[in-house]
Structure formats: structure tokens, C-alpha cells
Amino acid sequence: MKIRCHRWRLFLSLIILCTALLPATTHAEVKYSTYTKDSYNNQIWLQPAYFPLGVIGEDLYTTDPKQPTIKTPSPLRNPKDIFIDVKNEVYIVDTGNNRIVHMTETGQLLRYITLPESPLNKPEGIFVTKEGDIYIADTGNKRVLKLDKDGKMQIEFKRPESRYIPATFVFDPAKVMVDERGFLYIAVHGGYEGIVLLDPKGKFQGFFGANKTTLSPLDALKRMLYPKKMYANEVAKRPETINSVATDKNGYIYTVTGGMAKSDQLKKLNIKGNNLLRSSNKTFGEVVNGDVPIGPITSGPQLIDVAVDQSGNMIVVDQQFKYISHYDASGNLLYFWGGASAVGSSQVGLLKSPVALDVNARNELFVLDDQENIVQVFRLSEFGQKVDQANQQTLAGYYEASEKLWQDVLRMNAQFTPAIMGLAAAAFTKEQYPEAKKLFKEAGNQEGYSDAFWQIRMKWLQHNFSWIASLILFSGILYMLMNKWTSKSRFREKWRNRQRTRNNFLLNCKHVLYMMKHPIDGFIAIRYEGRGSYLSAILILLGVYASLVIKGLVTSFSFNASTSVDIYSIFTQFFIVWIAWVIANYLVSSIYRGEGRFRDIFIGSAYALVPYLVIGIPLAFISNVMTMSESSIYHYVAQGMIIWIGLLIFWKIQCIHNYSVGETALNIIFTLCTMLVIGVLLFITAGLSSDLVSLIYEMYQEVILR
């Protein structure tokens, strides 16, 4: 019996041992979340696109030449840049220690580059060519150095001499990049003129890729109204400084900008300095809604560095909110992830002060943190790999080949907008236009939706043109014949001599049609002949409100990308603005020699909106048979309607109040200013009322508790 038990124990032990030796798959939860945004700017949660592999650069030592066996810890101190060469070897600019740390991709130290003959002083940037030449932005010494692959200094580039460089320009190189020709692109601290471009011998070739100066409406007004001397005393408005520069295997130049820049923080430039990203004036650098940065709050994301992977995707890191954003080669967002590490703790995957990043040949991402003094390494997850493969097929134009890959991505996350866009492009290529139209709308792509509808419309016209043309022709002939046969008929004579209605309400409604043809006479009739009524005016206002709702509901997606209509906010906004206009115009006119009564202003202001009924509703329905190719016609009609309404309002004020043209213009300006004052007073009153109610409630609570 004991022998049997012993055998069973041995058997179970063997099973447990074999199970333990079997290869196992682990699923570790990352400490950060990954997101994307759809075309409506809604934030969508994703599974991780990157998993952390580990940390390098934390175990660095130096040896004493006299005692080689003794190793002294020599950690990174305030590092500022990282570069990975063609051999996947890592170069870190160890700014605080005035050296370059050269190591393998696994973190094994190869050497320190210190230049004893000409020591580095607070270096901040590095670039290594395919041949192994090393370029260092030696910021503290105000120079850029070129070293050979053995670390020996070859050339020293100092502030270039040129009459095209301002005398106030300070050459403080922060980042450096070298193209295939050996030309140097140097990002300089405070260099609002752009990147300094030098030839291989150090001769100045010009400033490259400068940002545009952003002027606010107030700045533009000052520039227009101030004398030259007075405007010269204003604080100079200068472009934001470029923070970093990088290149890819195709020779494109990439720059990132922080500061107060609101758009184009990421640029993809050709050799002429033209931005190739199709999304012009687009904002880059993504942030999770509601996130508050740690430390001084600036205007928005502060992009500090950019890297380009082997697929041409652009990766930027935000020093303000600590997020890493990924965009494809056309500047479309793929996903973003990361976030700030908790104060007082260190978590793999979360960042404290990211300052630089780069990728190796396997698209592994290396992120340098100058507060933790480490490099975190990340690898693409299965989801990230699928997205990258599918997106490369789509960008290359192989839409059908990308279809299965995008379907796999959608099975992982059904809300991933780039996947929906990829499937829409595939359906369009296979001439499945109804499906493409539906997918483009789901992805929020108006241009693709319009193109798919154009194809559907063209096919329908090709199949039905003959009977449509015949119907139009025969209808025209029939109309002319009927008009000729009935021209002298009793029916038409009776219709012409019919008795006109004397109902006041119907007459007031008909006056709208008369006013459309003769606006000045129509408004004079409202003032001096008592035309119009409160009831007809209210009906017109309700009709305009209905037109606004119908416009939101019916207008084609090609011209209106909104997915929902808030009838309550439309009602509130429309009637508040309209009532404020009527009250403000009545108050101003009462003071400014106006002859119109409140009744005239109320009715006339309502009648002036009639073009929105006459044009707005038909235009909303007609837009559903139009594409973006006819957008000029659509916008011409829509803008013409607004101009018509504006003219009617102008003539209404002029006729009802008996003003001259100049007095009418002043009345409109004063009315708009009065509306602004009324809005401010209502805002203040509402705030004070809220505070008063809170005070009374607290006093009541105090009395009750006591």
C-alpha cells in the first residue's frame, strides 16, 4: 500500500514538473491607457498598442584607471537626447555629466565619449550618420562638433558668419540632424528664424522651416489702426521656436514646435521647406479630456521631440501632459498613450519628464526621461502590429490587400476609426459604392462620402438619363400646348378675376411675399399702413426655428458633418439672440432719433428672416443630390441667403426709423454693442443671484441646525 502511494506521489510530481516546464504566455496589465479619436473628436479607448520591454541606462559605472577592478556608479544626469543608429546601437546625450553614452540596444555599455582635448559643456543633441560619423550639439560651448566613428574630433561648427543672420541672433544649438548630402540642420534655442542650415564645410545656407507668426484679431486691429511708431513700441510678435528636428530614410525633414503654437506643431518638410502634411493648420499632440498637467500650465501640449519609424509613422512626445502620439505618414492620428507617473513613485510605462525618443530597426520605441535618468523601451503589441501593417497597405494604395488586416483590427476594437476608413477605401476601390458611402459616413470622412455618392449618382443618371430627358422634354411640350389651348378659356379668366381675400391674417401673410419683391415699400407699409401682425411674425419665427432644425436633420453629410441635432439649444440660442436684438434695437432707436414703434421693430425683424424659409429649407433637401464638387454652388446660395437677410435688416431699420444710410449703419453698430452689454449684465446678474440663493440657503441651514 505504501509502495502504491509512493508511486502516485512520484507520478503527480512528474506531471507538475512537466507543466511548470511548458512554455507559458503571460498577460501583464500596463499602467497606462491607449486612446484614439474619431473624426468627430470623440475619445475612444483602445487596447495597448505598445508594451514595455524594460529599462536601460540605469546601471552605468566608471572605472578608475589606476584600479581597473573597482567600478564606481555613474548614473545618467539630466540627459537630453537619444539616437539609435543603423546598427541599433544607442547614443545618449548625458548632459549633466558632459558626455555621450554609447551602448547596445540591450543597455550594455560600449564606451563614453568625453573629448578630453576639447571637453563638452552641457551638450543637448546628437546625430549619427550611416557611416558612423557623430554630430553633437555642444550647447554650452555654442558649437556643433563632428566626430569620426572612433570619437575623434574632425570639424567644429561655430556661429556662422553671414549678412543674412541678424546681429541679435544667438547660436545655442539644441538639436542637430544631417541629411544624405552632409548638410547640417541645427535647431537653436530661441531661434524663431527657423532651423540653421549649414553645408558640410559650415557655410551658412539660410534658415529652414521657420514657423509663421500668429496674430490675434486684436493684434491685427492694432496693426491697422496704430501709427508705425506707436505699433513699434508694442511687444514684438515672433514665431515659436522649433524644439527638435529629425529625418527618415526618404530624406524628409520633421520638426516639432511647442510654446504657444496652436497648430502645425508637427511638420513634414521637403527639401524646399514645404509642409507635406495634407491636414494644414491641424493641431498635433493629443491629450486625454480633462487631464491637467503637472507643473506650470501653458497653452497646450508641448511637443519636445519627434521620431519616425521604419513605416514612416511619426511619433511625438509631449513634455507637458506626458503623452506619446502616433500619426501615419499623412498626419492622421493612429493612437496616443502614456501619461504622467504618480508623484513620488516610478512606474514602468508612465513618464515623469520625457525629453527625447527614437526607434530602432524593429520599430521598438526608446523614450528618454531626464528626471528618472533612464530610457524606457517599448515594443508593438499584436494590435499595434496589425494597425501598422494594414495602414502601410492603405497608404501604398493596396486597398484590397489591406481589407483583411483592417477586419482583423476591427475584431479587436470595433470603434477604431482608421480601420473603418481603410475598409471604406477598400469598398470604394472594389466599386461597392453604397457600402463605401456608409463606411465613410461612419468614419466621419466627408470627402470620401461625397466621392462615393458622386459615383452612385453618376451610375443612376447613366441608367435613367433617357427616360428623365424624355420626361422633361414631353412635360415642356405639354405645358406649352396646355398654356396655348387654355389661354382664352373661361376658367383662366375666372381665376384672374377672382375675388381677393379680405382676411387680415391672410393679408398679413401675403404681405411677406410682397415684401420679398419690394422690400423698401414692404417695410414702409409695416410702419405707416399697419401691415403685419404679431401672430404672423410669431409664425414666421417658428418657421425659421423649424428651418434651423430641418437644416441640421436633412442637410447632406457632405455639407454637414454633425451627427445629432439639439433642438433645445437651437431654440434657446435662436430666440435669445433674436429677442435681444429686438430689445437692443428698440432701446437704441428710442435714444437715437428712431421713429419706429416696438411693434414695427418686432414684426419687421421677423419678416426680415423670411429668406431662411424660402431658401434654407429647399437648400437643405437639394444638398442631398449634391456632392462636394458642387460645394461652390451650395455655399454661394447659402451665403447669398445670409446677405439677403442682412440687406432686409438694413432696409428694415432705415425705413421703419426713417434713417439715412449712415444713421442706419450707426444704429446697427450701437445695437450690437447694446446686445453685448445686455449679455454681460445678464451673466453678472445670474452669477450674483446664484451666490445670493446660496447665501440664503446657508443661513437657513444654520438657523435650522441651531
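Hi everyone, this short talk covers one serine, the nonpolar cores and a helix pair in a predicted model. Residues are numbered from 1 along each chain as its sequence is written. Local features need pLDDT of at least 70, side-chain atom pairs count only at pLDDT 80 or more, totals for chains, interfaces and linings use all residues, and side-chain values use heavy atoms, with hydrogens and water left out.

Let's start with Ser-74, in the loop between β5 (67-73) and β6 (81-84); strands here are DSSP E runs of at least two residues, and helices are H or I runs of at least four, numbered from the N terminus. Is Ser-74 buried or exposed? Ser-74 counts as buried because its relative accessibility is 11%, and buried means under 20% relative accessible area with a 1.4 Å probe, protein chains only. Beyond neighbours within four places in sequence, Ser-74 is in contact (heavy atoms within 4.5 Å) with residues including Leu-60, Arg-99 and Tyr-112.

Now the cores, meaning sets of buried Ala, Val, Leu, Ile, Met, Phe, Trp, Tyr and Cys residues joined through side-chain atoms within 4.5 Å. The largest has 42 residues, and Ile-324 and Trp-337 are among those with the most contacts inside it. Helix α6 (residues 417-429) gives the largest share of this core, five residues. A second, separate core of 39 residues includes Phe-83 and Ile-136.

Last, the helices: α7 (residues 433-443) and α8 (residues 446-485) pack at about 155 degrees, axes 8 Å apart; axes are lines fitted to C-alpha atoms over the stretch in contact, and angles run from 0 to 180 degrees between N-to-C directions. So α7 is roughly antiparallel to α8, a word used for angles over 145 degrees. Phe-440 is one of the α7 residues at this meeting, and Phe-453 is one of those from α8. Thanks, everyone!

Conventions
Buried < 20%, exposed > 50% of the residue type's maximum accessible area, 1.4 Å probe, protein only. Parallel < 35°, antiparallel > 145°, perpendicular 65-115°, else oblique.
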